[in-house]
Amino acid sequence: MELAIIGLLFLGTLLVLYGLGVPVAVAMGVTVVTVMASPYGPSFNYTLISNQLLFGLNSFTLLAIPFYLLLGRLMNRSGFTEDIFEFANSVVGSVRGGIGYVNVLASLIFSGMSGLALADAAGLGRVEYSVMREYDYDKDVALGITGGSAIIGPIIPPSVPIIIYGVLAGESINALFLAGIIPGFLLAVTLLLSVAIVTRIRGYGATGTFDPRRVLETLGTAAIALVIPVLIIGGILSGVFTATEAGAITVVYITVTGLVFGDLTLSKIVAETRDAAVETFSLTFIIAIAAAYGLVALELRLPMMLVDAITGVTTDPTYMLLLLVALFLVVGTFMETVAAITVLVPVLVPVIDIAGIDPIHFGIVMVLTLMIGLLTPPLGIILFVLEQVTDASLEEVMRAIVPYYIPLLVVLLIIIFVPETATYIPYEHLG
């Protein structure tokens with residue numbers, strides 16, 4: 001009876017506070033204090049709480065977060081975003097429905113730099129939507145492709161959600177980054193197939209002719225940006241530097257090249273650095289509170305209770321993963337991705353360990369599922385971003401996204417049932 005009361009208090013307090021609009025970190029902190037102060041919870045220990053808060057931030061890996069946040073911001077302000085789109089357009093714009101393919105390919109390229117779906121949707125998404133409309137693509141098609149392609153960003157390395165998962169789960173960021181490569185390309189391929197189907201149904205034509213000179217010209221201007229994913233992935237695969245060091249190197253690179261060849265100015269750099277610092281503080285504060293939240297969950301044996309509940313349904317790791325994915329899909333409809341990761345990972349890591357689920361595989365599945373949540377009403381953030389950067393209403397954005405759930409869910413199922421899509425590269429190259 002006591003376990004039921006304390007479990008209800010632990011989860012109920014968090015959900016009520018979050019539902020009232022309390023920031024997730026504050027809601028988690030209040031939940032921890034409420035549970036520990038209750039007569040049913042673990043004894044209140046100030047030293048234990050302070051140690052967990054410090055432990056949650058005592059990680060070299062966390063240094064990657066400000067670097068990649070700043071990298072995405074500088075990319076948008078440097079003007080290189082448009083260069084990427086023009087290069088993709090010169091390559092495939094001449095084929096039937098070419099601008100739709102350009103949308104996906106530009107997002108794939110940009111994903112190797114920003115690490116955030118919101119950066120793709122807000123920065124490159126504005127350009128993609130505008131160009132598609134200029135070429136007379138229907139509004140729903142332009143919105144759907146732009147929204148669907150935006151979630152490639154947090155899967156292809158670098159990825160801020162994957163960094164946060166890695167820190168909370170105690171897994172290698174290098175391995176997780178490499179694990180996202182194949183799933184990211186699978187997402188791109190399925191979206192390209194969707195574009196081909198829509199193109200045939202709607203009767204869209206080509207938007208130009210193929211010109212090798214134009215390809216070389218746009219490649220020359222986009223080459224500065226295209227170097228970034230090569231630096232990150234190549235450096236990790238070769239063992240020259242870690243994912244965190246790659247973030248620092250690419251920030252220096254984009255700053256110098258943006259000042260010399262792009263639209264960056266010192267005032268823009270200062271402004272973006274300030275904004276990235278604010279975002280970093282918010283994320284690290286959430287991570288610190290999540291460490292204490294996870295400790296209390298363990299003290300209450302909530303992960304073990306969850307294992308008992310799941311194994312009561314099935315003991316097969318794959319089907320257990322499907323049950324967890326169903327949970328993520330529900331959570332993703334009303335909770336922001338970083339908040340969901342920080343709340344769920346401390347509780348679920350012991351669960352997947354007992355269930356025999358590979359933590360690298362699980363991390364990619366979890367992040368991708370929560371990314372789909374970014375496109376899902378009522379609180380899918382990308383839906384609101386697209387409303388702000390386009391001329392569409394929120395209702396139009398929601399309707400336009402619906403057909404593109406199909407390719408996203410197909411890729412998710414492939415990754416679940418074929419774990420090697422996520423584990424082959426990291427285990428082959430990192431051992």
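This is a predicted model: local features need pLDDT of at least 70, side-chain atom pairs count only at pLDDT 80 or more; totals for chains, interfaces and linings use all residues.
Setting aside residues up to four places away in sequence, Thr342 touches Met28, Ile164, Leu168, Ile286, Ile287 and Ala290. Two of these partners, Ile164 and Leu168, belong to the group of H9 residues that meet H17.

The axes of helix H9 (residues 160-169) and H17 come within 9 Å and cross at roughly 35 degrees, and the crossing is right-handed. On the H9 side the residues involved are Pro161, Ile164, Tyr165, Leu168 and Ala169, which meet Thr337, Val338, Ile341, Thr342, Val345, Val349 and Ile352 of H17.

## The largest nonpolar core

The largest nonpolar core has 150 residues, and those with the most contacts inside it are Tyr68, Met75, Ile164, Tyr165, Ile341, Phe362 and Met366. Helix H17 (residues 337-355) supplies the largest share of this core, with 12 residues. In soluble globular proteins, nonpolar side chains tend to be buried together.

Phe362, one of the residues with the most contacts inside this core, is found in helix H18; at a relative accessible area of 1% it counts as buried, since the cut-off for that class is under 20%. Leaving aside neighbours within four places in sequence, Phe362 is in contact with Tyr165, Leu321, Leu324, Phe328, Leu348, Ile352 and Ile357.

## Aromatic pairs

A search of the whole structure finds five aromatic pairs. In one of them, the rings of Tyr68 and Phe177 have their centres 5.9 Å apart and their planes at 65 degrees, so the pair is edge-to-face. This pair links distant parts of the chain, with Tyr68 in helix H4 (residues 64-78) and Phe177 in helix H10 (residues 173-179), 109 residues apart. Both Tyr68 and Phe177 are buried.

Ring pairs also link Tyr165, Phe328 and Phe362 into a cluster.

Helix H16 (residues 317-332) and helix H21 (residues 405-417) pack at an angle of about 145 degrees, with their axes 10 Å apart, and their crossing is right-handed. The contact is made by Thr318, Leu321, Leu322 and Val325 of H16 together with Leu412, Leu413, Ile416 and Phe417 of H21.

In helix H22 (residues 420-430), the buried residues are Thr421, Ala422, Thr423, Ile425 and Pro426. What covers them includes H10, H11, helix H12 (212-238), helix H18 (359-373) and H21. Within helix H11 (residues 181-202) lies Thr190, which counts as buried because its relative accessibility is 15%, and the threshold is under 20%. Apart from residues up to four places away in sequence, Thr190 touches Pro407 and Val411.

Val251 has its place in helix H13 (residues 243-260) and, at 9% relative accessibility, counts as buried. Leaving aside neighbours within four places in sequence, Val251 is in contact with Phe67, Leu70, Leu71 and Leu74. Val251 and Pro66 are 9.9 Å apart in space, C-alpha to C-alpha, although 185 residues apart in sequence.

Helix H2 (residues 24-37) has 14 residues and reaches 20 Å from its first C-alpha to its last, close to the 20 Å expected at 1.5 Å a residue. The buried residues in H2 include Val24, Ala25, Ala27, Met28, Gly29, Thr31, Val32, Val35 and Met36, and Met28 is one of the residues that Thr342 touches.

## A positive phi at Asp136

Asp136 lies in the loop between helix H7 (117-134) and helix H8 (139-150), and has a positive phi of about 65 degrees although it is not a glycine. Most residues other than glycine have a negative phi. Asp136 counts as exposed because its relative accessibility is 64%, where the class requires over 50%.

Notes:
Residues are numbered from 1 along each chain as its sequence is written. Side-chain values use heavy atoms; hydrogens and water are left out. Helices (H or I, at least four residues) and strands (E, at least two) are DSSP runs, numbered from the N terminus. Buried means under 20% relative accessible area, exposed over 50%, partly exposed in between (1.4 Å probe, protein chains only). Contact means heavy atoms within 4.5 Å. A nonpolar core is a set of buried Ala, Val, Leu, Ile, Met, Phe, Trp, Tyr and Cys residues joined through side-chain atoms within 4.5 Å. Rings of Phe, Tyr and Trp (its six-membered ring) pair if their centres lie within 6.5 Å; planes under 30 degrees apart count as stacked, over 60 as edge-to-face and the rest as tilted. The expected span of a helix is 1.5 Å times one less than its number of residues. Axes are lines fitted to C-alpha atoms, for helices over the stretch in contact, and angles run from 0 to 180 degrees between N-to-C directions. A crossing is left-handed if the near helix is turned anticlockwise from the far one by less than a right angle, and right-handed if clockwise.
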